[in-house]
Amino acid sequence: MPGCEVSDCGTILLVYISKGCEPVNKLWVHDLPDQGLPEQFNFTKIVDNFDAEYDFIANKGRVFYLKTNLKADRYKLISVDLDNPSQENWKEIMAEKTSVLEWIGCVRGNLLVTCYMEDCVNRLYIHQLESGSLIQAVDLPPGSIVGYSGRSRIPLCISSSCRLSILVLSTTWTYQREKTTLRLRYSKRLQ
């Protein structure tokens, strides 16, 4: 089953080819022209087998950052230089941990927001994109993190929920890394 997306810089088409419901896919890329569509697509096959799952997270020029379960059942982050894409040149940016890496997002162009499942609770961390080094943990109340948003000049917003039986309490937080503060923006409470 194919799917596609365009890189953050808008110059590279990524094509995913999945195999059923397994967490595996092929990954092909194509340089897009400045205007219009190409007459012919000449794909570079970054991954041309079904050995693991590869999800695009961000790119800095022609270096792509991918979340993968290649030799990492709980997922890790790697970088691939499209000018030298053979697997022996891939770099591990964030190694697999004992907790499951559920999702990664890139905000402000150089920060990663990572969500891990730790002891049945979502935990959020901020990392530097190119090195993967931990900047800080985000201290949120226990619960499930159900989403985030952020852009280069906008503070990171985090939506979380705490489930009590069939009741759901929802909150939205604004996190400003420079101040290392978490401010409650919205909360739906039981009455």
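In this predicted model, the side chain of Asn 59 has a polar atom that lies 3.3 Å from the backbone nitrogen of Asp 8, and the side chain of Asn 59 also reaches the backbone oxygen of Gly 61, at 2.8 Å. The two polar contacts are set out below.

| Side chain | Backbone atom reached | Distance |
|---|---|---|
| Asn 59 | nitrogen of Asp 8 | 3.3 Å |
| Asn 59 | oxygen of Gly 61 | 2.8 Å |

Asn 59 belongs to strand β5, which runs over residues 54–60, and Asn 59 counts as buried because its relative accessibility is 11%, where the cut-off for buried is under 20%. Although 52 residues separate Asn 59 from Ser 7 in sequence, their C-alpha atoms are 7.0 Å apart in space. When neighbours within four places in sequence are set aside, the residues in contact with Asn 59 are Ser 7, Asp 8, Cys 9, Phe 64 and Tyr 65.

In soluble globular proteins, nonpolar side chains tend to be buried together. The largest nonpolar core here has 17 residues, of which Leu 14, Leu 27, Ile 46, Tyr 54 and Trp 90 touch the most other members. Strand β5 is among the elements that give two or more residues to this core, together with β2 (12–18), β3 (25–31), β4 (44–47), β6 (63–68) and β7 (76–81), and the largest share, 3 residues, comes from β2. A second, separate core holds 13 residues, including Ile 57, Tyr 116, Tyr 125 and Leu 129.

Returning to Tyr 54, its contacts beyond four places in sequence include Tyr 16, Leu 27, Val 47, Leu 70 and Trp 90, as well as Asn 25, Lys 67 and Thr 68.

Terms used
Residues numbered from 1 in each chain as written. Predicted model: local features only at pLDDT ≥ 70, side-chain atom pairs only at ≥ 80, totals over all residues. Heavy atoms only, no water. Helix = DSSP H or I, 4+ residues; strand = E, 2+ residues; numbered from the N terminus. Buried < 20%, exposed > 50% of the residue type's maximum accessible area, 1.4 Å probe, protein only. Contact = heavy atoms within 4.5 Å. Polar contact = N/O pair within 3.5 Å; in protein donor to acceptor, adjacent residues only side chain to side chain. Core = buried A, V, L, I, M, F, W, Y, C linked by side-chain atoms within 4.5 Å.
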